[in-house]
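Subject: Structure handover

Hello,

Here is the structure for you to look through. My notes follow below it.

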Amino acid sequence: LLWNLMGAYDYLMTMTRNEAYLSKFTPEQLDYFTSFPVWVGFTWPIAVWGGVLGSVLLLVRKRLAVPVFLVSFISMVLTAIYNYGLSDGMEVMGVGGFIFTIAIFLVSLGLVLYSRAMKQRGVLA
């Protein structure tokens, strides 16, 4: 849950254009964030808030966590495809941003697999 809350914090600070938070980014990065196409404006928050909701559902042992994590994961992958395949995200965000995206991918995939395993074991109702 804490991991996904960090993503929610990043999303909120970026979308509300919090000056203190955004001051650590270059002007090119800020332009990049504000020029996302409309569809990324849907996939990014679904990935973020799906991760938060999935985590809460997992903590309260609800099997709905599995599809919520799966939708969140797919949305994250679609967002990453835009960021690093369909735009100049690698150039703008650098290798560090790409490595962090890989970490997000691995954690998200792990949550999908873990929640599915807990459902199969009967831990999630």
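Is arginine 61 buried or exposed? Arginine 61 is exposed, with a relative accessible area of 51%. The cut-offs are under 20% relative accessible area for buried, over 50% for exposed and partly exposed in between, with a 1.4 Å probe and protein chains only.

Some ground rules. This is a predicted model, where local features need pLDDT of at least 70, side-chain atom pairs count only at pLDDT 80 or more, and totals for chains, interfaces and linings use all residues. Residues are numbered from 1 along each chain as its sequence is written, and side-chain values use heavy atoms, with hydrogens and water left out.

**Two loop arginines**

Arginine 61 sits in the loop between α4 (38–59) and α5. Helices here are DSSP runs of H or I with at least four residues, strands are E runs of at least two, and both are numbered from the N terminus. Arginine 61 is not a glycine, yet its phi is positive, about 60 degrees. Most residues other than glycine have a negative phi. Arginine 17 also has a positive phi, near 55 degrees. Its loop lies between α1 (2–15) and α2 (19–22). Arginine 17 is exposed, at 53% relative accessible area.

**Helix packing**

Two packed helices are described by the angle between their axes and the distance between the axes. Axes are lines fitted to C-alpha atoms, for helices over the stretch in contact, and angles run from 0 to 180 degrees between N-to-C directions.

Take α5 (residues 65–86) and α6 (residues 89–120). Their axes come within 9 Å and cross at roughly 165 degrees. That makes α5 roughly antiparallel to α6; angles over 145 degrees count as such, under 35 as roughly parallel, 65 to 115 as roughly perpendicular and the rest as oblique. The crossing is left-handed, meaning that the near helix is turned anticlockwise from the far one by less than a right angle. The contact of α5 with α6 has 17 nonpolar, six polar and two charged residues.

α4 and α5 pack at about 145 degrees, with axes 7 Å apart. α4 passes α5 in a left-handed crossing. Their contact has 16 nonpolar, eight polar and no charged residues. For these classes, Ala, Val, Leu, Ile, Met, Phe, Trp, Tyr, Cys and Pro are nonpolar, Asp, Glu, Lys and Arg are charged, and the others, Gly among them, are polar.

Glycine 50 is in helix α4. It counts as buried, at 12% relative accessibility. Beyond its neighbours within four places in sequence, glycine 50 is in contact (heavy atoms within 4.5 Å) with Pro45, Val68 and Ser72.

**Cores**

A nonpolar core is a set of buried Ala, Val, Leu, Ile, Met, Phe, Trp, Tyr and Cys residues joined through side-chain atoms within 4.5 Å. The largest has 15 residues, and Tyr32 and Phe36 touch the most other members. Elements giving two or more residues to this core are α1, α2, α3 (27–34) and α4. α4 gives the largest share, four residues. A second, separate core has 12 residues, including Leu57, Leu58, Val68 and Leu124.

Leaving out residues up to four places away in sequence, asparagine 83 touches Tyr32, Phe36, Asp88, Gly89 and Met90.

Best wishes
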